[in-house]
Amino acid sequence: MTELKQFAENIIIKTKSLSLVTHLILKPMPKFSFLLLLLLFNLGNAQNTRNLWLQYDLVTDPVVLRTYKEQLNAVNIRSAALNKHVIQDELQTGILSMLGKHLSFTSSNAEVVIAKLKDLDANEKQQVSKTPKLESDGYIIKTIPKGSKDVILISGLSDNSLLYGTFHFLRLLQLHESLSDLDLVENPKLSIRILNHWDNLDRTVERGYAGFSIWDWHHLPGLIKKEYIEYARANASIGLNGTVLNNVNASAYILQNEYLDKVKALADVFRPYGIKVYLTARFSAPIEIGGLDTADPLSSEVQRWWKDKADEIYNLIPDFGGFLVKANSEGQPGPNNYGRSHVEGANMLADALAPHQGVVMWRAFVYSDEKPEDRAKQAYTEFIPFDGDFKDNVLLQVKNGPIDFQPREPFHPLFSGMQKTPLMMEFQITQEYLGGMSHLVFLPQLFEETLQSDTFIKGKNSTVSKVLVGDLSGQKVTGIAGVSNIGTARNWTGHPFAQANWFGFGRLAWNPDLTAKAIAEEWLKMTFSTDPDFVEPMSTLLLNSREAVVNYMTPLGLHHIMAEGHHQGPGPWVDGLAREDWTSVYYHKADSLGLGFDRTASGSDALSQYGTEIEKAYSKIETTPEKYLLWFHHVPWDYKLKNGHTLWYNLARHYQDGVLKVEDMISTWEQMQPYVDEYVFRQTQMLLNIQLKESKWWRDACLLYFQQFSNMEMPAFIPHAKHALDYYKSIQRPYAPGIKPSWD
C-alpha cells in the first residue's frame with residue numbers, strides 16, 4: 001500500500017491538483033483504486049500547455065531526485081514585501097511538483113535563505129561581500145557555509161530581485177543542474193523589458209494569431225480572471241517587468257476614467273510580480289476625449305491637459321510606467337499635423353510624465369505621406385537631425401530592421417546613427433510576416449542575428465546589443481519591447497512552439513548576449529523533456545527553422561513580397577495600391593535585367609546610412625553577404641554567385657531548400673512522439689503539414705512569377721507546379737486572422 005500511495009502521489013503531483021493529493025493519499029483506497037490510478041496516470045502524462053515553460057515535471061532521474069530531496073526541506077523568506085506570498089507559493093508549487101514533497105517555511109535551520117542584502121546577518125553579508133555590484137533587479141544565488149551545513153542564499157537589492165532569483169533557482173531544478181557550490185550573479189542588462197500588446201478595446205488583436213485579447217475590458221474592473229495572474233507569473237519567470245496593454249494604433253478612450261479604473265485593476269494584479277503597466281497614448285486624445293480643438297504640442301492648453309491626465313493616472317496607479325506613442329505613421333495623428341517635430345511632441349509628453357518618473361517610448365516607425373525615395377531611409381532621415389534633443393525620459397523605440405519585421409532584414413541604421421539618444425529595440429514576437437500561427441519559426445535566432453550585428457560605430461565588435469545596453473553611448477535608461485503573440489488560445493500562443501518565442505524574447509530582454517542555442521535547450525527541457533535524445537534533435541530543428549522560412553519566403557535579401565494587407569501567403573505581384581511603398585513590386589523591382597533593390601550610391605543610397613565599414617563592404621555585389629544581396633543590389637539574372645551558379649539558379653535552390661527543410665522538420669518531429677503529450681504531438685504534426693503545404697505554395701508562386709522576368713528554364717530540381725501563376729494570383733484571404741474583419 002505504501003508504494004501505491006507513493007505512486008498516486010507522484011501522479012497527482014503531475015496533475016498539479018493538491019485537493020486530489022489529499023483525497024487519494026490521505027483517505028483509504030477502495031479496491032478499484034488501481035484502475036483509477038491508471039486513468040490518472042494517463043492524465044498525469046498530459047502536458048498542461050497553460051503552464052507554458054513552468055511545467056515543473058516530476059524529476060524522474062533517481063539520483064537527481066534523491067539529491068534534491070536531501071538538499072531541500074525548509075526555506076527562510078525574510079521579507080514583508082507584497083510579493084512574499086508569490087515567492088512562497090511558487091516554491092511550494094515547484095518543489096511539490098518536481099520532488100513530490102512539501103517545503104516548510106521557517107525562520108531557522110533552513111537550507112534556502114531568501115532575503116534582501118540589507119536583511120542579511122553579519123555572516124551572510126561577509127560571504128557575499130566580494131560579489132560584483134548588483135543592479136536594482138539583479139540577484140545572487142550562492143552556496144554559503146552556515147553552521148554545520150551549506151545553505152543556498154538568494155539575495156538582491158529589491159523585492160523583485162528575490163522574485164527573479166527564485167524563478168532562476170527553480171529553473172536550475174527544471175534543468176537538473178547541480179545545487180552544490182552555486183555562485184551565480186545576474187543583472188539585467190536592460191532596465192525596461194516589456195511586451196507590446198497590439199490589442200484593441202473590442203478584444204480584436206492586430207497581427208494576433210492566437211485568438212482574442214486576454215484583456216476582458218467589458219468585465220473589468222469587477223472580474224479579475226485567472227489568466228491575468230498566470231500571465232504575470234509567466235512574464236516574471238523570464239524577467240519581463242512591463243506591459244503595454246493597448247494597440248499602437250490606439251483608441252483615445254483608454255485614457256478615460258472608465259478605462260483607467262480597468263487599467264488600475266490590472267496594475268494591482270501585476271504589481272506583486274514586478275510588472276508595471278504602460279499605455280499607448282493617442283496623440284489626438286486632447287481633441288477626442290478632452291474637448292480641445294487642437295493637439296498642438298506647443299499649445300499651453302494641450303500641455304496642461306496632458307499634465308492633468310498624467311497626474312490623474314499616477315493618482316490611481318503610482319507605479320504607472322508611461323506612454324508608448326505611434327505618431328505621424330500610417331495615418332496616426334502626431335505633431336507633424338501642426339507643423340511640429342517629433343522631438344517637440346515627445347518632449348511635451350515627457351514633461352507631463354517627468355514628475356512621476358514616467359517614460360515616453362516614441363516609435364521611430366514613420367514614413368512620409370508623400371511618395372518616398374526609399375522607405376528604408378525614412379526613419380533615419382526623419383530622426384537623425386534630432387539626435388541629442390530628446391528629454392532624458394524619452395526612448396526612441398526602433399524596429400530591428402528599416403522596413404517592417406521581415407523574415408530577414410539588416411539592422412536598422414538608427415542603431416549606428418543616433419549616438420546621443422536612448423534607443424530601445426522593438427522586436428515582433430507575433431509572426432506577422434512569418435506565417436502567423438501556422439509556421440514553426442524559432443525567432444530567437446532572428447533576434448540574436450540582429451543583436452549581434454556589428455555597427456562598427458566605435459570599431460569592430462560594436463554590436464547592436466552594446467548600443468542597446470548603453471556600453472557605447474552611456475545611456476542610463478535602456479529598454480527592449482516585443483510585440484506580443486499572446487491571445488485567448490488554450491495554449492496562449494496558438495502554435496505550441498510559438499511559446500518558445502515569448503520565452504526567448506524574455507530571456508534576451510534580460511541578457512541580449514544569450515545565444516539562441518542556449519535558449520532553445522532551456523525551453524525544450526523546461527517544457528517537454530530533459531532527455532538528450534529529445535533535446536539535441538529538437539534544438540537542431542528549432543535553430544534551423546527560421547532559415548527554412550527565409551528560404552521559402554524571402555531568400556537572398558528579398559523582402560515585403562507578402563500578400564496584400566494580411567501578409568498571409570506570397571504576393572510578389574502586388575501592385576497598384578494607394579501608396580507605391582505598400583506594394584511588393586516596389587521592393588523586389590524584378591525586370592528583364594535582374595532582381596533586387598539598388599540601395600548603393602548608384603541607387604537610393606540607403607547604404608550610406610550605415611557605418612563606413614559596412615558601406616564599403618556592401619557597395620559591391622561580390623563583397624555583399626549573400627543573405628542581403630537583393631536588399632542592397634539589383635542583380636542580373638545570370639550573375640554568378642559564390643557557388644558558381646546564376647542568381648536564377650540560386651533563387652530556385654533557396655526556395656526548394658526551404659521546402660526540403662520543412663520536410664526534415666516533419667521527419668524529426670515524427671520521432672519525438674514518446675517525449676511529448678499526445679495532443680501537442682498531433683497538433684504540431686498537423687501544423688507542420690500545413691507549413692509544408694504553404695512552403696510549396698510560396699515556392700511555386702514566387703518562382704513562376706519571377707520566371708516571367710528571368711526568361712530562364714526552371715532548374716531540374718524544382719517540381720512541376722500544380723497550378724499556373726494566375727491561380728496563385730487569384731487566391732484571396734479577406735478574413736485571414738490578425739486583421740480587423742470588415743463585412744462592408
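Cavities, sheet and helix packing in a predicted model

Me: Which residues lie nearest the centre of the largest cavity?
Reply: In this predicted model, the lining of the largest cavity is made up of 14 residues. Those nearest its centre are Phe-365, Ala-379, Pro-402, Ile-403 and His-412.

Me: Which element gives the most residues to the lining of the largest cavity?
Reply: Two elements give two or more residues to this lining, helix H13 (378-383) and strand E12 (394-399). The one that gives the most, with three residues, is E12.

Me: How many residues in the lining of the largest cavity are nonpolar, polar and charged?
Reply: The lining holds 14 residues in total. Split by class, they are eight nonpolar, four polar and two charged.

Me: How much space lies in the largest cavity?
Reply: The whole structure was searched for cavities of 30 Å³ or more, and eight were found. The space in the largest of them is about 100 Å³.

Me: Which strands stand at the edges of the open sheet of six strands?
Reply: The order of the sheet is E2-E1-E3-E5-E4-E6, and its pairing is mixed. An edge strand has a single partner strand, so one of its sides has no neighbour in the sheet. The strands in that position are E2 (104-105) and E6 (183-186).

Me: Which residue in E6 is the bridge partner of Ile-141?
Reply: Strand E4 (residues 139-146) pairs with E6 over four bridges, in the antiparallel sense. Within E6, the bridge partner of Ile-141 is Leu-184.

Me: Are H23 and H24 roughly parallel or roughly antiparallel to each other?
Reply: Helix H23 (residues 647-670) packs with helix H24 (residues 678-710) at an angle of about 170°, and their axes are 10 Å apart. Angles over 145 degrees count as roughly antiparallel. The two helices, H23 and H24, are therefore roughly antiparallel.

Me: How do the residues of the contact of H23 with H24 divide by class?
Reply: The contact in question belongs to the pair whose axes are 10 Å apart. Its residues divide into 17 nonpolar, eight polar and four charged.

Me: What radius of gyration does the protein have?
Reply: The C-alpha atoms fill a box of roughly 80 × 70 × 55 Å along the principal axes, and the secondary structure comes to 25 helices and 16 strands. For 744 residues, a compact globule would have a radius of gyration near 27 Å. The value for the protein agrees with this, at 27 Å.

Key: Residues are numbered from 1 along each chain as its sequence is written. This is a predicted model: local features need pLDDT of at least 70, side-chain atom pairs count only at pLDDT 80 or more; totals for chains, interfaces and linings use all residues. Side-chain values use heavy atoms; hydrogens and water are left out. Axes are lines fitted to C-alpha atoms, for helices over the stretch in contact, and angles run from 0 to 180 degrees between N-to-C directions. Angles under 35 degrees count as roughly parallel, over 145 as roughly antiparallel, 65 to 115 as roughly perpendicular and the rest as oblique. Ala, Val, Leu, Ile, Met, Phe, Trp, Tyr, Cys and Pro count as nonpolar, Asp, Glu, Lys and Arg as charged, and the others, Gly among them, as polar. Two strands pair if DSSP finds at least two bridges between them. On a 1 Å grid over the protein atoms alone, a cavity is a set of points where a 1.4 Å probe fits but cannot get out, and a pocket is an open set with protein on both sides within 12 Å along at least five of seven lines; lining residues have an atom within 4 Å of a point. Grid points are joined across faces, edges and corners, and a volume is the space filled by probe spheres set on the points. The radius of gyration is taken over C-alpha atoms; the globule rule is 2.2 Å times the number of residues to the power 0.38.
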